[in-house]
Structure formats: structure tokens, C-alpha cells
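Please read the following note beside the sequence and the model.

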Amino acid sequence: MDINGLLTSTGINIGLCVGLFSLYSVLRKQPSNVNVYFGRRLASRRLRHVDILERFVPSPTWVKKAWETTQDDILTIGGLDAVAFSRMLVFSIRMFSVATVICFVLVLPVNYHGRERLYKNIPLESLEAFTIENVKQGSRWLWAHCLALYIITITACTLLYFEYRHLTDLRLIHIIGPAPNPSQFAILVRGIPWSQESTYCDTVKKFFSYYYESTYLSHQMVYNSGVVQKLKVLHAFKFCRLFSIIYFRDNAKHMCKVLSRSMTRCGHGFSHCCFCGGFKNSIDFAMRYNDIETDSRKESGTAFVYFKTRYAAYVAAQNLQTSHPMLWVTDLAPEPNDVYWSNLCIPYRQIWLRRISTFGAAVTFMIVFIIPVTFAQGLTQLDKLEKMFPFLTRVLTQKFMNQLVTGYLPSVILVLFLLAVPPVMMLLSTMEGHISRSIRKKSACLKVLFFTIWNVFFVNVFAGSVISQLSVFASVSELPAQLAKAVPVQATYFTTYVLSSGWASLACEIMQVCPLFYNLFRRYILRSKDDSEEGTLTFPYHTEVPRVLLFGFLGFTCSILAPLILPFLLFYFSLAYLVYRNQILNVYVTKYDGGGKLWPIAHNSVIFSLIVSQIIALGVFGLKRSTVSSGFIIPLLIGTILFHIYCNQRFHPAFKNLATQVLIDMDRRDQHLGKMEEIYEQVHSFYCQFPTRSASSSERSAGSYRGMTSDHVSPAPETLDADNDGIDINIQRQRDMAWPLGDLV
């Protein structure tokens, strides 16, 4: 592939991005799209009159708003997870700004003039002429590559240290908080032993009253709701109620018994309701705990147990309760909106079987996915493609088609196949039995990250038959040499992948393609004029974090081998910084906060990227017969590993455990201020497994625990002008973004 092919791919992606960004700046001004681009919870806000011409003129004012947004704004609106993600982008921008300057000054000239040859015009030069493959063996100029790698590694470690320290301080502030968090007084108990003489509830009370007599406060059981809970889930996702009736047709008698008290008359909509015969747009099921029939409430072996102090709850969560490790298993309770209720009823004995099964399924999926990746990679090899499909020879001889097939089509095909990965990994993470939504999303994030690094990098590097790929990894001692041979060859493919998967994905992300089409379908096909739908979109960390870290991985591994990838990566991270800030501010609703636990994933990914890049450099210098450069890589590799060990010892415990000193100080502070009694009164109703729809609407966000009474839930909202583009929206500058119904004007 030559420079013209790269420019062709770049031009296609630039045109696509400019078109979609311009279309977005127009669509976001339309009042009918406020649900899409400003969150469904903002749908009933006031709309300021705008001149009809202004509404259809593209404008970049959203870029200015995203740029001017401070970290405190991101923390208030999106929570600590949003800040951690934003810091990943800031780290990447700083890191690859340095790498781009260093590699273009030191590495790129050495690569281009690495051997004597017949030089062509720059547009006609092959991309391999700008890689380390063009440097002859035994060259004295390889010290430039070694020096560049040292500068990149030192810069990365320095930035990682300060970012890790900064996120650790923010997490401590998050834990302390200005208002009490009742979830810190609770633990989740699973594996409660069954007794014929007493119920689960009595068993829990007897156990904790006896062994935690001075600190035990109360407890709350988790129920196997069965049909009722499944019907509530279908209703929450707003599926057609007819589907829910068909699904539960075998339990019709039981459903009628349960819903006889709780069902109200259906609202108007476009189709008839199966219960009352009226038109159904929504059925308001009163799912309050006390309104459900007794026979539908079957106690499970899981309970929330409350203690009088935070320290007592933390000690109980960390200790082994009995000599049988599968009984009375305790964990820190997640925040109420973070609880994944359907997984709490899973017997604890099944958890390890589920995790082994999902691990096997994930590995199998990774192996099977080699087939489409190999097919996509095969398109870059025209000689093999012409042998397999002779009838394409005439088409592929055309210059434009040649550039299109080799420079753009393979990466697009791979991107389309990769769209199926995040939903599959989220499903597997759900089946693992995680107790909270944030842990489930973190688990899916790790699976997607491993999957993409394996398939996008390693499988593409050793593209070919499955047997040849397995034989490459059979000999670990030859891995550096194999990587050194394969990575520079595939560097041009990774550059086009950044263009197609990176730039285009940002354009699709800001356009919100699926919500936009859903909104158009609902308005113009179903003829629905209801704008009161609540926001349901949360930030897809399990999709976006792996993508950002994958591009960082490609940047580190290809920096000294093929520096031409660095400007494209730098542009991607800069554009992503603006796009994701805009999405956090306007689109995604924060329902819970994971406490910034995504940052250790980013830290480990960067360290892994540095180590892989150093191993590849070690192999390259060995192939180029530069013993001095190879010798200098070994201490760099050891130093990177030692730095990683230090950071794990210094910062990671703060993301894994809670400090005893902090918990005791918080308990004494609340006792001194007289807040304990207020907390005890609220803690009994803190976790509600079957809330009413109105209650869940006002308490669904992650930060609703911050206030103990309704007076604390919603301070006076501030006004956030929607880029002065015609939408005047009042946004509560609160971490949970939880607006009371009274503020919706």
C-alpha cells in the first residue's frame, strides 16, 4: 500500500466525519430530537423559539461547550467513572503528542533513509518505506529508535503516576462525600443455610443478633419474585405488553391473581390492551413491596444486613463468617441503583460454575472469531486474492479499486464484525452472576478489551490459517522475533483501522444512530407525540473504554516501528475528548457510579502495551543485529515491571478496599453531628426491590442516596443553555442527574 492508498482511506473517512458532524449540528437543534441529543429526561423542558433559518445552519458551538466544561462539571454530572474515562483521553492526548514529536524528529527520517534505494515521489512511496523494515541490518542509527522508546516509556510512566494519584484522591473524596451514604452501613449476605424449623428471615436475625450483638441493626430479605419480576422487567423496557402476555400464558391464573390489585386502566396508545380492552401505551403496575401477593414473595437465600456503623459493616463484609466458605458469604453492598436484583437470587453454589462456563464460552468465541478476522486480513494481500478469485483480476488492476480494497475495505469489514462483540460479552458477564451493574459492566469491559487486542492485533499480525497462527504461539522463546517480523508489515493495516474504526465510530457515536431512528419511527410511524419518556441510556463504558485502550495499545506498539500511525491516533484522541464530553453532558444519564474502578484497567493496559512494545523492539533490534540497542531494552523492560508493581502497591488498594481510618472518622463525625438516628430511620427503606414506577423514576439515578430526605434530593437546578442553539434546558448540576417531577416544566 502506498501513500495514495492511505490518502484515499483518509479522504473517505474525513468526508464521512464532516458530513455526519454537520448533520448532527443541525439535527440537535430540532425540537423533535431533544430526546435523542439531550437525554429523554429532558424531553419535557422548555424550548426557546429559534429562527427557522438558524435551525438548519450547521454550527460548531457544541465543540466550544465541550471544551469549556471543567472536570468538576464532569464529576457532578457523570460521576467518578466519567472522570476516569475523561482522564484516559487526557493521558492519551498528552502521551501521543510527545510520541508524535519524538518519532517524527528521530525515528521517521532514519526509517525513510535507512538504506540505499531508488527514491520516488512521496505520494508514490510505499508505506513500508517509512517503517523500520526499511532500515538495513547493522545500522548505526538504530540508537534513535532505542532513545525514542526510552523517552516514550519514561513519559508514559510519569503521566500514569500522576493520573493514578489524582484518581486515588478523587476516589477518597467520593467515599467521604458531603452527605451520608447508607449503603456503607449495609452488607450483602448470600449462601444463607436453609432450615425446616425457621425461615431465611429468622435464620439471618438469629445469626447476626448472636455474633454481632452490639453492632447489628436490622436486615432485609431478597425475594424470588418469579413471574412478577419478569413482567416488571418487560414493562421497564417498554416492550409490547402483548409479548409479555404470550410469554406468561402458562401462568395466566397466577398473573391475574397478582395483578388484580395493582393494575390500573391503560393510557391511550396505538393498540389494544389484553387486560382491560383499552388502548395501551403503558400499564402502570404498582410494584411496591407491600402490594405484591404473599404467594409471589418467596424468600431467597440472600439478604441485606444493616449495621450501626460503617466500620462494623466493613469488618463483617471482609471476614469469613463460618468454617464453611460456601455459607454466609458476605460482600459490601452496592448502591441501591447499582444492584442487579435478578442475580441476587442465584444460589451462591452456582457462581463458580457460571464463571467457568462463561470463561469457556468467551475463549471459544475468541477462537471462532479468527475466521472473519483472517478473511478481512486476506483482502490486503492482492496476489492471494487474485489466485482465489481470478474473475476479480481485471477489477483489481484499476488503481482506485486497488486502493479501496487494500486500504479501506478490510478494516471496515472487521469493524462490522466487531459490532457483535460488546453485546455478547455483556450477556456473558450477566450470566456470571455479578451482584451490581457496575461490576457487570467492568467485567464486560475486560472481556471486550482482551477480545479486541487478541483479534485486532495478534490475529491480524499472524494472519493466515488457524494452524499457522497456533504454531507461531507454540514457541514462546521465538515470540519476540515473530512479532518483530510481523508487526511492521501490518502497521499500515492498523493505520487504516484507526481511520475506519476510530474516526467513523466517533461520528456515529455523536449522531446516536439507533436512538435517532427509534425516535423517527416512534414519531412518524407510530404517530406518538409523547415526549415524557425517561432517559434510559447510560454511558457504554464496556464499548468505549476497550476501544480507547486498543488504540493506545496500537500506538505504543507501532510508535517506533511505523510512526505514521501517530498523527491519526492523536487526532482521534483529540476528537474523542470533545465528543465524549458532549455525550456525558447531554445524552447519557448517570444511574449509578462505580467509583472510578475503570482506571486500574487503563493503567494495566498501558503497562501491558509498553511491555509488548519493548518485547517487539527487542526482537527487531535482534533481527537488525544491533546488540547495543538490544542490551539497553532489557533494563527498560525491568524498570517498567518494577514501576507497575510499585503502583499496584501504592494506589490499587484504594480502589479495592476501604480505609479503616476513613470509616471510623466518618462514623465519629456523624455521631458528633447527630446524623446517626436519621440514617437508621432511612436505612430500612433504602433498598427497595419492587418500587413503584413513580418512585423509581425519581430515585433511579446513582446519586439519589446522597440526600436522606426529599428535601435533600434535589437542590435548585442550574440552567445549562444548550449551546445557544435553540434549546433552553434546565439541568440539575448534581452527580446523579436526578430531577424531581416538580422541576420538569
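Predicted model: local features only at pLDDT ≥ 70, side-chain atom pairs only at ≥ 80, totals over all residues.

1. The first point concerns a pair of helices. The axes of α5 and α28 approach within 11 Å and cross at roughly 35°. Axes here are lines fitted to C-alpha atoms, for helices over the stretch in contact, and angles run from 0 to 180 degrees between N-to-C directions. Helices (H or I, at least four residues) and strands (E, at least two) are DSSP runs, numbered from the N terminus. The crossing of α5 and α28 is right-handed; a crossing is right-handed if the near helix is turned clockwise from the far one by less than a right angle, and left-handed if anticlockwise. Leu172, Ile175 and Ile176 of α5 make the contact with Val662, Met666 and Arg669 of α28, where contact means heavy atoms within 4.5 Å. By class, the residues of this contact are five nonpolar, no polar and one charged. Ala, Val, Leu, Ile, Met, Phe, Trp, Tyr, Cys and Pro count as nonpolar, Asp, Glu, Lys and Arg as charged, and the others, Gly among them, as polar.

2. Residues are numbered from 1 along each chain as its sequence is written, and side-chain values use heavy atoms, with hydrogens and water left out.

3. Helix α28 covers residues 660-673, and Thr660 belongs to it. Is Thr660 buried or exposed, or does it lie in between? Thr660 counts as partly exposed because its relative accessibility is 34%; buried means under 20% relative accessible area, exposed over 50%, and partly exposed in between (1.4 Å probe, protein chains only). The C-alpha atom of Thr660 is separated by 9.3 Å from that of Arg310, although the two residues are 350 apart along the chain.

4. The crossing of α18 with α19 is right-handed. On the α18 side, the residues in contact are Val421, Pro422, Met425, Met426, Leu428, Ser429 and Thr430; on the α19 side, they are Arg440, Lys441, Ser443, Ala444, Lys447, Val448 and Phe451. Eight of the residues in this contact are nonpolar, three are polar and three are charged.

5. His603 is buried, because its relative accessible area is 0%. Gln614 is likewise buried, with a relative accessible area of 0%. Leaving aside residues up to four places away in sequence, His603 touches Leu160, Tyr164, Phe643, His644 and Cys647. On that basis of counting, Gln614 touches Leu149, Thr153, Ile633, Leu636, Leu637 and Thr640.

6. Which loop holds Thr131? Thr131 is placed in the loop between α4 (71-112) and α5 (143-176). With a relative accessible area of 2%, Thr131 is buried. Residues up to four places away in sequence not being counted, Thr131 touches Asn111, Pro488, Leu561 and Ala562. The C-alpha atoms of Thr131 and Ser559 are separated by 9.8 Å, and these residues are 428 apart along the chain.

7. Trp328 is not a glycine, yet has a positive phi of about 55°. Trp328 is in the loop between α10 (310-318) and β6 (329-332), and at 7% relative accessibility Trp328 counts as buried. Gln512 also has a positive phi, near 50°, in a residue other than glycine. Gln512 is in the loop between α21 (479-511) and α22 (513-525), and at 6% relative accessibility Gln512 counts as buried.

8. The last point concerns cysteines. A disulfide is a covalent bond between the sulfur atoms of two cysteines. How many disulfides does the structure hold? The structure holds zero disulfides, a disulfide being counted as a pair of cysteine sulfur atoms within 2.5 Å. For Cys17, the nearest cysteine sulfur is that of Cys508, 8.4 Å away. Cys17 counts as buried at 7% relative accessibility, whereas Cys688, at 33%, counts as partly exposed.
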